[in-house]
Structure formats: structure tokens, C-alpha cells
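Here are my notebook entries from a look through this model. I kept them brief and grouped them by topic.

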Amino acid sequence: MIQQELSLDNIERTWDRIKDYVSVTPAVRWQDGELLREFSSETEIYAKLEIFQKTGTFKVRGAMNSMLDLDEESLGRGITAVSAGNHAIASAYCASQLGTSSHIFMPATAKPLRIQRAKDYGATITLCETQSEMFERAEMSQEKDGRTFIHPYEGPLTVQGSATAGKEFAGQVPQLDAMILPVGGGGLAAGFGAALKQIWPDILIYGVEPEGANTMSLSFDAGTTVSLENVHSVADSLAPPKTEPYTLDVCRNVIEEIILVEDSLLIDAMRLIFHDLRLAVEPAAAATAAALRGPLREKLSGARVGTICCGTNLGLEDFWSLVGSS
């Protein structure tokens with residue numbers, strides 16, 4: 001059962017609240033190229049291009065919905081966030097749009113481009129050595145400065161924001177048989193999937209996780225949230241160290257099955273998207289294409305399938321270092 005706060009009426013109200021700050025992103029049909037040649041001629045593949053969203057990622061939808069829920073006093077004290085990149089940039093953008101400050105804690109290994117983009121929106125950035133330190137420092141910022149923590153993937157407000165992308169996509173494409181969604185913390189899969197399940201109740205929703213960061217699939221197996229001491233993947237946007245209860249509950253309601261993909265499949269899918277769609281995306285944004293041409297190929301051949309390029313904030317050198325000259 002879909003949670004009441006994620007009803008289509010509430011998703012529409014969420015859109016009305018955030019629409020002045022975010023973009024309607026395009027959806028395209030895969031017209032030709034290598035991917036289609038791997039499937040039967042009846043197969044139709046569509047892609048939602050959240051890479052063209054403000055700040056380059058869907059994250060801005062949930063972050064803005066969360067900040068617009070704050071009263072004037074809370075907003076005036078500013079916000080804090082924890083992120084390896086995309087959520088940092090989105091949170092900094094939203095804070096700048098609403099005239100408040102942001103203090104964001106990022107890993108010392110974060111890409112310089114992502115750090116700079118968050119700074120360009122006025123964020124104060126503190127680099128941390130571990131995930132634990134990032135969350136501890138963010139908690140201190142809440143206690144000391146009164147800032148509000150903007151979660152990257154947990155809670156109804158964040159998931160409602162992601163759900164607006166799903167409802168939007170449903171209005172751009174024919175009725176789908178299946179939708180493939182990337183899973184990090186699960187905020188995108190939860191919201192996007194909840195919207196589609198209400199519009200097309202028979203649709204099959206598949207989640208995709210990197211093999212080295214499979215917290216959601218482990219949580220499905222355990223029936224409760226899971227924390228991992230070490231997560232690793234080239235798709236750092238899909239590698240949170242833990243799941244959270246609300247998002248896990250929604251994901252369990254909407255996701256049919258979680259597919260695990262190796263990093264090599266993610267990189268191959270980046271090349272595929274570059275050649276087929278002429279788009280340069282980060283590994284997380286290639287996850288759904290990786291699952292479609294890999295573990296889900298036989299199951300979804302002949303179906304009408306949705307994929308998503310969830311976002312990209314990747315420098316040219318970083319892209320080239322992954323895909324090489326292929």
C-alpha cells in the first residue's frame with residue numbers, strides 16, 4: 001500500500017510548491033544504436049533525462065520541497081547537509097534560491113568539480129575523512145548553529161520531491177510495462193516508483209544497486225535497515241553506508257526486485273549512453289541501462305521499458321578516466 005503522503009494529489013501539490021525552482025525535464029525514446037540491437041524489434045525503451053534538471057540532478061526536487069516546508073525562523077538559521085556531491089550541489093542551490101546559508105559536509109575524496117559547484121551556490125564546505133565524521137559534524141552544526149538537516153534520501157518530503165519526476169514521466173511516455181530505477185539510499189526509487197504504481201498499477205518496478213554498495217537489497221533480505229562499514233563503487237552517488245526506515249518501507253512497497261550490477265557494467269553503460277544518446281553521464285546515471293542490457297535483458301525483451309539518467313556532475317577528465325577511448 002502506498003503511503004497517504006505519496007498520493008497523486010499530494011504529489012501534485014508538491015509540484016505546485018516546487019515548480020518555480022525546478023525544471024520539467026525531457027523524456028526521449030531510444031531510437032537507434034547498440035542497445036536496441038540487443039533486443040527484439042517489439043521492445044520500446046524510454047529514458048527520463050534528469051541530467052537536464054537544475055544543478056544536473058533530480059536531488060533538487062526533494063531538497064527544495066524540504067526547505068520550503070521550513071518556517072521563516074528555521075529557514076533563516078540556514079541548513080546543513082551531508083553528501084559526496086549531487087545532494088550537496090542541490091542543497092546549496094536551494095538555499096541560495098531561498099536566501100539562506102548552507103554548511104555542507106563532504107568526503108575528502110569528493111570530486112573537485114562537485115565541491116566547486118556547491119561553493120558557487122554559496123555553500124560553506126567542510127571536508128571529512130569518514131562517513132561517520134560527516135554525520136557527526138552535521139549534527140554539531142544543527143546543535144550549535146540551529147541549522148536544519150536536509151536529508152539526501154530519507155523522509156516524506158524528500159520522497160515527495162522525487163515522486164514529482166515519476167508523475168511527470170508518466171505524462172511524457174506511453175504506458176510502460178516496466179521501469180528500472182537506480183537505488184542508493186532509495187529516495188528516487190521510492191518516490192518515482194510510488195507515482196508510477198498509482199498511475200499504472202500493473203507496472204513492474206526494478207531497482208538497481210552496485211554490487212559493492214548493496215545496502216537496500218540487504219535490507220530487503222533482512223526486513224529492516226542495514227548499515228555497512230565499507231561501501232565501494234565507481235557510482236559513488238549510489239553508495240550510502242546505510243538505509244533509513246521510511247524510504248526502505250516505501251521501496252519495499254513498490255519495487256519488484258533489486259538487481260545488482262558490477263562496476264564494469266556501469267562503465268560499459270556510460271559508453272553505451274554516450275554513443276547511443278550522445279550524452280556524457282556519471283556512473284549512477286548509467287545504472288538503469290546497465291541493468292537493462294545485463295541481468296534484465298531476457299526478462300524485458302519485447303516490453304515497453306522506462307529508464308532514467310538520474311543526474312550528472314562529472315568533470316571531463318573524470319568521465320574520460322572511466323570510459324577511456326572506447
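**Cavity**

I began with the lining of the largest cavity, where helix 3 gives the most, with three residues. Before going on, I noted that this is a predicted model, in which local features need pLDDT of at least 70 and side-chain atom pairs count only at pLDDT 80 or more, while totals for chains, interfaces and linings use all residues. Residues are numbered from 1 along each chain as its sequence is written, and side-chain values use heavy atoms, with hydrogens and water left out.

My helices (H or I, at least four residues) and strands (E, at least two) are DSSP runs, numbered from the N terminus. Helix 3 covers 59–68, and helix 8 and helix 9 also supply at least two residues each to the cavity lining.

I searched the whole structure and found one cavity of 30 Å³ or more. The largest cavity holds about 60 Å³ of space. For the record, a cavity is a set of points on a 1 Å grid over the protein atoms alone where a 1.4 Å probe fits but cannot get out; a pocket is an open set with protein on both sides within 12 Å along at least five of seven lines, and lining residues have an atom within 4 Å of a point. Grid points are joined across faces, edges and corners, and a volume is the space filled by probe spheres set on the points.

Among the residues lining the cavity I listed Phe-58, Lys-59, His-87, His-151, Tyr-153 and Ser-162. By class, the cavity lining has five nonpolar, six polar and one charged; here Ala, Val, Leu, Ile, Met, Phe, Trp, Tyr, Cys and Pro count as nonpolar, Asp, Glu, Lys and Arg as charged, and the others, Gly among them, as polar.

How much space lies in the largest pocket? I noted about 1,100 Å³. Of the 50 residues lining this pocket, Ala-84, Gln-131, Asp-236, Ala-239 and Pro-240 are the closest to its centre. Helix 7 gives the most to the pocket lining, with four residues, and helix 5 (86–97) and helix 9 each supply at least two. I counted the pocket lining by class as 23 nonpolar, 19 polar and eight charged residues.

**Ser-141**

Ser-141 sits in helix 7 (residues 131–145). Is Ser-141 buried or exposed? Ser-141 counts as buried because its relative accessibility is 5%; buried means under 20% relative accessible area, exposed over 50%, partly exposed in between (1.4 Å probe, protein chains only). Leaving out residues up to four places away in sequence, Ser-141 touches Thr-80, His-103, Phe-105, Gly-146 and Arg-147, with contact meaning heavy atoms within 4.5 Å.

**Helix 11**

I then looked up helix 11 (residues 245–254), whose buried residues are Tyr-246, Thr-247, Leu-248, Val-250, Cys-251 and Val-254. Their cover includes helix 8 (156–170), helix 9 (187–199), strand 8 (204–210) and helix 10 (215–222).

At the contact, Met-216, Ser-219 and Phe-220 in helix 10 meet Leu-248, Cys-251 and Arg-252 in helix 11. I put this contact down as four nonpolar, one polar and one charged residues.

**Positive phi**

Most residues other than glycine have a negative phi. Thr-55, not a glycine, has a positive phi of about 70°. Thr-55 lies in the loop between strand 2 (44–49) and helix 3, and at 10% relative accessibility Thr-55 counts as buried.
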